[in-house]
Amino acid sequence: MRNIDEIVSRMTLEEKAGMLSGADFWRLKGVERLGIPMMTVTDGPHGLRKQDDRPDHLALNESVPAVCFPSACATACSFDRRLMEDIGAMLGDECQAENVGVILGPGANIKRGPLCGRNFEYFSEDPYLSGEMAAAHIRGVQSRGVGASLKHYALNNQETRRMSLNVRADERARREIYLSSFETAVKKGKPWTVMCSYNKIDGVYMSENPLYLEKILRGEWGFDGFTVTDWGACCSHIAGVMAGMDLQMPYAGPLNDQELADAARRGVVPIEKIDEAVKRILDIVFRYADNHKPDASYDKDDHDRRSGRAAAESAVLLKNDGGILPLSAQNKVAFIGQYAVEPRYQGSGSSRINATRITSAMDAAKGIASVSYARGFDDSTAENAAELIAEAAALAADSDTAVLFVGLPGSFESEGFDRAHMRLPDNQIALIRAVARANPRVVVVLHNGSPIEVPWINDVQAMLEMYLGGQAVGAAAVDLLYGRVNPSGKLAETFPVKLSDNPSYLNFPGDGDDAFYRESIYVGYRYYDKKEMDVRFPFGHGLSYTSFKYSNLKASASVMNVGDSVSVSVDITNTGSRAGKEIVQLYVRSKHNGISRPERELRGFEKISLEPGETKTVSFTLTSRDYAYYEAQLDGWYAENGLYAIDIGASSRDIRASADITIEGAKPLIRPLTTDSTLRDLMAVPGSEPIMKPLMDGMRRSFGVDADNAAMGEGADQMFLNMIGDMPVHTLRSFASGGEPLDVEGLVAAVASLIN
Ligand code: BGC
C-alpha cells in the first residue's frame, strides 16, 4: 500500500501548490523524485477527445480518432442503466488504450428549458432519470480503472453568459430538481472527480463556493474524490482552495502556483487546506496509475457496432399513424434530406469527437433494401433551394414512401451559446411540406439535440427521434425503420407544443448576469401536468411495433411508516406479435392537501424485454424519500403524513395502474411560533383552546359577531373564524383587548410551551 500521507510529508510547499493546478491543458503535474506520475484528463462525455497537440476546450482543433457514442440526450431515452454502464465501460477501455486517467463527464445538469445549447450533453428534465443515468455512466467508466468527472456542478442550465451568470433559485428548486440529479450521481456512481460549473449561485462562483463544494458535496453526499474547475472557471485560486476546490484547470502559469505557496507561508491559506487537496488529488492519480494497463487496446469495430446498438435502443418512435412503420424491403422507398448521407450525429463544443467512422442511413440501407436518394436541403444555409426541394418532391411522388432525414444544423445548437428558437430551419420545413404534398406516406427521422416545434406534424405519418445518435446512427435508423430492431426508447423530456409553453420561457436566459429560476420546482412535465396543458409529446412517451398490457399491480402495504419501505410489483405482458421492450415508469402523486407539489414525480423505472405473449413481473422499492419534499425549515427531506398514489405508466400521461398508500408517523412539522404567527397557527396547537378562547371571544365582541349575525347569515361564526384566521397574533392588541394592554409575547410563549 502506498502511503499518501508520507508522500505529502516529503513534498515541498511549491510542489504541493503545483499539484493544485494543471501542468498544461490536459495534464496534472507529476513530481518525479517522489514517483508521482503525471495524469492526463480529457473530454468526454460520449467519446474520447484526446488532443495530442494544439489543445483547446471548444474542440476547434483535431483529436485522436475515437468512437463517438450517442449523446446523453439520446442515451437517456433508453432508460437503461445497463446499456449506459456498457457505454461507460467502452469509454473506460478507450481511456486505458490512450492512457487517459479521467474522462470529463457525464453532465448531470437538468434541462430547464429547451433552448440551452448544451442540452444534447445532458440527460433529462427529470432529476431521478438524470441522476440514475449519470450514475450508470460513471460506474461503467470506473469499472475499467479510469475516473469519471461528473459535471457541471451546479445550476448550469444555459450557455448564455455561462461564465459570469448569477443563478438564483429557491431552496426547493435547488434541492428537489437541480442538486438531486447530482446527489444521485454522487451517491450511486461514486465519481472520482466532480467538475464545478462556471456560473455563480447567489453571487458566489461555484469554484469558490464552500456551501456546495464542502457542506453539500462532501459533507452531505459523502463525495471523496477531488474537485476540479471547469476549464477557466477559477477566478481566485486562493479563494478556491479555501472553499474546497482542489484542482484548477488548465495550467495558469508559474506565478499562480507561487501566489498560493506565498499565501500559505503568510498564513492566509492554512497549510492543512493545501495538504487535504493534494491528498485527494494524489489518491486519484495513484488509483489510476495502479489500474493502468500499459498494453491496453480496444476493438474499434466492436465499439462502433455497440454504439449503433445503443443508438437503436435509445431512439424514440414518436408517432406511427396507421402502422406505416416498419417499412418492408419490398417498398419503393426514397431517403430524402442531407442527413441521410451526412447524419448529424454529435453536438458541437468540447464534447466533439473525431469519429473512427460514420455510418449513414444510405450506407446502412445497402444490402437491406433498395432506396433512392435526394438531398433536399443544405444545412449550411436556411435558404430555400427551390431545385433541391423540387427534385425531392419529384422523387417522393415516384416512391411508395418518403423518409425525410431532417434536424438541427450544428450552427443552431452548440456548447457556448443558446438556441434562438425551437424551429427547424425554414428550408427543411419547406421540404417537409413539399414532400408531404407529393406523397401522403411520409416518415420523418429527426437528428437534433433538443426538442423542436413540429407545426407540420399532421403532414407526416410517422416520426422517429434519433437525437444525436453517435457515429453509427445511420445503421440504427435503418434497423428501426425496417423493423430489424423494435423501437423501445421513451422521451427523457417533454416536447411542448410551442416554446412559450415552457415554464422557463419568461425568465430564460435572464437579464444581464442574473437568471432567476422563478418557475421553481415546476420544471418540464412537473409544470405541464400541474397546469393541465396540452403538450406535443409527454415525458416518458415512446411507441413500439408491439403493444403491452399492465396488470396485477400489488403494493406490499397500504400504510407505510416513515423510515420503512414498500415494495410494488406489476405484471407486463407483450400483447403483440413481435418481441419488444417496454419501459415501465413509476410516479408518486400526493393526494392530500399539503405543501405545493407537482402532479406526479418519477421515482422508478425499469426496462424489460418480452417475447410475444410473454409476461414478466417488474418490482420497485419505495422509501420515504420517494414521498418527500425538501423542507427548508429542517434543511432536510420531509415526507408529509397523508395519502399518496403510486402511479405505474407507459408515460407520464399514460398511467395504466394506480395504488393508494398512506404515510404515517412523520413528526408533525412545527413552525416556530412568533408574534407574526397567525391566529390559525396558534389555534392548531393541541391544547391551546383554553388560552385562545377568551381572546377569540374578545375578537367576536370587537367585531360585533355572534352566531346569529344577521348580516353574515348561516354559519356566521365559522365564517368569521375563517376571515380572521390569517391575522397575525400581534393584531390581537388592536382588536381583542378592548383597549386594555395585552401581553402578546406571553400569549405566544404560553401556546409554544404546549408543543412537545
Ligand atoms: C466545458 C467542459 C469541458 C472543458 C474541457 C469547458 O468549456 O464546459 O465541459 O470538459 O471545457 O474541454
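Domain bounds come from an automatic or database domain assignment. On that basis, the chain divides into domain 1 (1-35 + 253-282), domain 2 (36-66 + 75-247 + 283-291), domain 3 (305-537), domain 4 (548-664) and domain 5 (679-752). Over C-alpha atoms, the centres of domain 1 and domain 3 are 49 Å apart.

The model is predicted; local features need pLDDT of at least 70, side-chain atom pairs count only at pLDDT 80 or more, and totals for chains, interfaces and linings use all residues. Residues are numbered from 1 along each chain as its sequence is written, and side-chain values use heavy atoms, with hydrogens and water left out.

The chain holds 21 helices and 30 strands. These are DSSP runs (helices: H or I, at least four residues; strands: E, at least two), numbered from the N terminus. The C-alpha atoms fill a box of roughly 95 × 70 × 50 Å along the principal axes. Of the 756 residues, 60% are buried, that is, under 20% relative accessible area with a 1.4 Å probe, protein chains only. Contacts are heavy atoms within 4.5 Å. Among contacts with a separation of 6 or more, 77% join residues 24 or more positions apart.

Serine 307 illustrates such a position. Serine 307 lies in helix H11 (residues 300-314). Its relative accessible area is 0%, so serine 307 is buried. Leaving out residues up to four places away in sequence, serine 307 touches Val67, Cys68, Phe69, Pro70, Gln471 and Ala472. Valine 67 is 240 residues from serine 307 along the chain, yet their C-alpha atoms are separated by 7.9 Å.

Definitions and conventions
Buried means under 20% relative accessible area, exposed over 50%, partly exposed in between (1.4 Å probe, protein chains only).
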